[in-house]
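Q: Can you walk me through this one? I have the sequence and the 3D view open.

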Amino acid sequence: MTYKVAVVNASDGAAIAPALYRGISLIGWTPAPGRNYLLKPNMLNSKDSASGVTTDPRLVKAAIAFLQDKGYLPRVGDSPGNAYPGKAKKVFKESGMMEVVTSLGAIYVDFEDISPELITPDGQLIDLVGIAKPIMQHRVINMPKLKTHVQTLMTGSVKNIVMGSIQGSGKGAIHKVGNTPERFGKAIMDVYSALRPVIDLNIMDAIICMEGNGPSSGSPKAVGRILIGTDAVAVDMVAFRMAGVDPMRVPYIREAVDRSLGPESFNEIEVLGDAPTVTKFRLPSSILSSVTLYGHSLVSHYKSPVSFTRSRCTRCGECAGICPTKAILLSPYPEVEVSKCIACYSCHEVCEHNAVKVRKGIIIK
Ligand code: SF4
Ligand code: SF4
């Protein structure tokens, strides 16, 4: 089977909508008649797209307009990190996404307002998980952001749809079960295999990406591209290679290949559009080297993988709230109980104040 992925240039705001239309036409995608579409951007926290954290509202605007042109009424929603009632709405408002959604007459969907649908992925590690009901009730257009990730090395389409679809404490459960990079890759693929049938299209924002200690505290990196494809794993493989990273270094990609949940090699991907030139991303400081031991990642666990910068910390408690093992105590600043920590980096991911520092070289890939 051949998987098509379009890579199109979109280096300034005016180029985004034409690039999106061109990319969709290159892969020959059309929306299915009579279906309702849900756009699922990456709304990890309130930081804007220029910081490299959240999906570019201009790209979401172009996708809404594309669907409206074809007679659809798109919905837009996501579940941010450490989601609690009211947080998603706050993130949409503060990041500028809500303005785009409502001004165009699309419908904002609050995942946390609606009871999750319990699905059974029948997976290797995850049996039952609560998925935001709107995900299962619509055809989904997944709109990730290309970023580095302190735990998984890179992140894009697959993690965006999996972690953003899981509601509330379910995200912590995934981290708890996936307590090593390999196991986390397996847990992600368990959920992804259940979500894969509802994803119609992936539109990746690689306009301003993130390098370094992503997905929330790295540095923005201008790449000026949009990637479009119907298969999330294929889009990620092209994007990671574009970032100078062998996709097989990313545990969940290895797992996808093992389970045939997407291309089994790069040879099965047809890349269309503009040449995806390699723009090497600075990798997370948690990644020690490119050494791979029997194809597996290791985590060294003698010290806490994270520390806290008190001068930046507002004592908001978000890190303690998201920690899946309750390893963080606020007294009054956060401190980690090392024996409980599983190096999931959720605390680093959720902190909007860059107050969580990552210890160097804890993950060996
Ligand atoms: S480290 Fe960040 S998330 Fe944790 S309490 Fe401080 S500011 Fe909040
Ligand atoms: S302290 Fe941070 S890295 Fe450790 S388990 Fe908790 S959230 Fe994960």
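Predicted model: local features only at pLDDT ≥ 70, side-chain atom pairs only at ≥ 80, totals over all residues.

Q: Which domains does the assignment give for the protein chain?
A: Domain 1 covers 3-273. Domain 2 covers 298-364.

Q: How far apart are their C-alpha centres?
A: The centres of domain 1 and domain 2 are 25 Å apart.

Q: And how many residues does each domain put into the contact?
A: Domain 1 gives 19 residues and domain 2 gives 17 residues.

Q: Which helix supplies the largest share on the domain 1 side?
A: Helix α7, residues 170-177. Four residues of the side touching domain 2 come from α7.

Q: What classes of residue are on that side of domain 1?
A: There are 12 polar, five nonpolar and two charged residues.

Q: Which ones are buried?
A: Among them are Ala-232, Val-233, Asp-236, Phe-240 and Met-242.

Q: What follows α9?
A: Gly-244 does. Its phi is positive, near 85°.

Q: Now the ligand. Which residues come nearest to ligand 1?
A: Cys-313, Cys-316, Cys-319, Cys-351 and Ala-355. They are part of a set of 14 residues around ligand 1.

Q: How does that shell split by class?
A: Nine residues are nonpolar, three are polar and two are charged.

Technical notes
Residues numbered from 1 in each chain as written. Chains lettered and ligands numbered in written order. Near = placed C-beta within 6 Å. Nonpolar A, V, L, I, M, F, W, Y, C, P; charged D, E, K, R; others polar. Buried ≥ 20, exposed ≤ 12 C-beta atoms within 10 Å, placed from the backbone. Helix = DSSP H or I, 4+ residues; strand = E, 2+ residues; numbered from the N terminus. Domains from an automatic or database assignment. Contact = placed C-beta atoms within 7 Å.
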